[in-house]
Amino acid sequence: MDYSTSPLPDTPPPPAASPVSGKAVRPGDRIFLGLSRGSGIALLVIMAAIAAFLTYRSVLAISGDKSNFFTTLDWNAIGTEPKFGIAVLAFGTVVSSLIAMLLAVPVAVGIALFISHYAPRRLASPLGYVIDLLAAVPSIVYGLWGALFLVPNLGGLYGWLNDYLGWTGIFSYSNGAARSLFTVGILLAIMILPIVTSVSREVFLQVPRMHEEAALALGATRWEVIRMSVLPFGRSGVISASMLGLGRALGETMAVATVLSPSFLISASLLDPGGGTFAQNIAGKFSEADTFGQDALIASGLVLFVITLLVNGAARLIIARRKEYSGASS
């Protein structure tokens, strides 16, 4: 029998896939979809409401300011002729946060790498638990520790910096109390260290095992494995962790208010007492301010709000540009 000329039986076409819609899914899926969508919309509405409130009260304050809001080195919002500005507050907030990031991020990444790739299991678990526990310590406890222990014992470090780096002007020290922006930066670095360490550690633990084994098979050392496989994969996660820490450093209030000697002066030396931050100034002056003074403090809060949004936006851009070089897209 010749099978070459016999017609093939008709195969039935595959059933058409029914489109997924609200009517095609189960009631539980529709409820979950509604709750998720409502949560996202509620978040946007809350953010918009906060921005609108801050903007409205800030316009009232800035319109009554008799000086330049961005360049004035003074804060007198309760006088007959109110004059106030954010120059000192912006300088102190940014500088203390940058000092905290420069000190905390390298140490946090090193601790995270030690826990995830060097420490034995019986040591890694307790150490990770202690690091997570430090993130739960209240800010006021850090502030009291900084005021009662850190400030009295920084004289030796300040003297050493003055002896070897005082010629720069940035680290000149006149033997005053160590209630400066540099001390605030050290305290903030200790406070954000658990956050950056915990997130970085979890990111490093997610590195595909095959990447590390492939590098070891090619003869790479432990450090070369970390440099070629672990750090590129976890770069975006470390940036995200750093931004979380920076967000806490920018908005920290009680610890800064406990350690810093507030003054509306911008000093070239980071070791001189004085300075101020947005959060510390709001916490210190809000209780004694009248309605217009509160509006002025709210205006400074709006600037901090904008700075935080810009920092997070910049972090998102950095992560998006680095994503193709990490393992996040694989």
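User: In what order do the elements of the protein run from the N terminus on?

Analyst: This is a predicted model, and from the N terminus its elements run α-β-β-α-α-α-α-α-α-α-α-α-α. In total that comes to 11 helices and two strands. Of the 330 residues, 39% count as buried.

User: Why is Met-47 called partly exposed?

Analyst: Buried means under 20% relative accessible area and exposed means over 50%, with partly exposed in between. Met-47 has a relative accessible area of 33%, so Met-47 is partly exposed. You will find Met-47 in helix α1.

User: Which residues form the nonpolar patch on the surface?

Analyst: The patch is made of Leu-43, Ile-46, Met-47, Ile-50 and Leu-309, and together they have about 430 Å² of accessible area. Helix α1, residues 27-64, gives the most to the patch, with four residues. For the whole protein, the accessible surface comes to about 19000 Å², and 67% of that belongs to carbon and sulfur atoms.

User: What makes the contact between Arg-57 and Asp-295 a salt bridge?

Analyst: The cut-off is 4 Å between a side-chain nitrogen of Lys or Arg and a carboxyl oxygen of Asp or Glu. The N to O distance for Arg-57 and Asp-295 is 2.3 Å, which is within 4 Å, so the pair counts as a salt bridge. Side chains of opposite charge can pair when their charged atoms come close.

User: Where do Arg-57 and Asp-295 lie, and how many residues apart are they?

Analyst: Arg-57 is in helix α1 and Asp-295 is in helix α11, 238 residues apart, so the pair links distant parts of the chain. Both residues are buried. By the salt-bridge rule, the count comes to six salt bridges.

User: Which residues are linked with Arg-201 in a network of salt bridges?

Analyst: The network links Asp-132, Arg-201 and Glu-202. Within it, the side chains of Glu-202 and Arg-201 meet at 3.1 Å, N to O. Arg-201 counts as buried because its 8% relative accessibility is under 20%. Glu-202, at 38%, falls between 20% and 50%, so Glu-202 is partly exposed.

User: How do you know that the buried residues of α4 are on the same side of the helix?

Analyst: The buried residues of α4 are Tyr-142, Gly-143, Gly-146, Ala-147 and Leu-150. They cover an arc of only 130° around the axis, so they sit on the same side of α4. These buried residues pack against α3 (121-134), α6 and α9.

User: Which residues touch the most other members of the largest nonpolar core?

Analyst: Those are Trp-75 and Phe-182, in a core of 63 residues. Helices that each supply at least two residues of this core include α2 (87-118), α8 (222-251) and α11 (291-322). The largest share, 12 residues, comes from α6.

User: What does Trp-75 touch, beyond residues up to four places away in sequence?

Analyst: Among its contacts are Phe-84, Ile-86, Leu-89, Phe-264, Ala-296, Leu-297 and Ser-300. Across the protein, 74% of the contacts with a separation of 6 or more are between residues 24 or more positions apart.

User: Why is Ile-282 called partly exposed?

Analyst: Its relative accessible area is 23%, which lies between 20% and 50%, so Ile-282 is partly exposed. Ile-282 is found in helix α10, residues 278-285. Not counting residues up to four places away in sequence, Ile-282 touches Leu-297, Ser-300 and Gly-301. The C-alpha atoms of Ile-282 and Ser-300 are separated by 8.0 Å, with the two residues 18 apart along the chain.

Definitions and conventions: Residues numbered from 1 in each chain as written. Predicted model: local features only at pLDDT ≥ 70, side-chain atom pairs only at ≥ 80, totals over all residues. Heavy atoms only, no water. Core = buried A, V, L, I, M, F, W, Y, C linked by side-chain atoms within 4.5 Å. Buried < 20%, exposed > 50% of the residue type's maximum accessible area, 1.4 Å probe, protein only. Contact = heavy atoms within 4.5 Å. Areas by Shrake-Rupley, 256 points an atom, 1.4 Å probe, with all protein chains shown as cover. Patch = residues over 30% accessible without salt bridge, like charges linked within 9 Å, V, L, I, M, F, W, Y side chains within 5 Å. Arc of directions from axis to C-beta.
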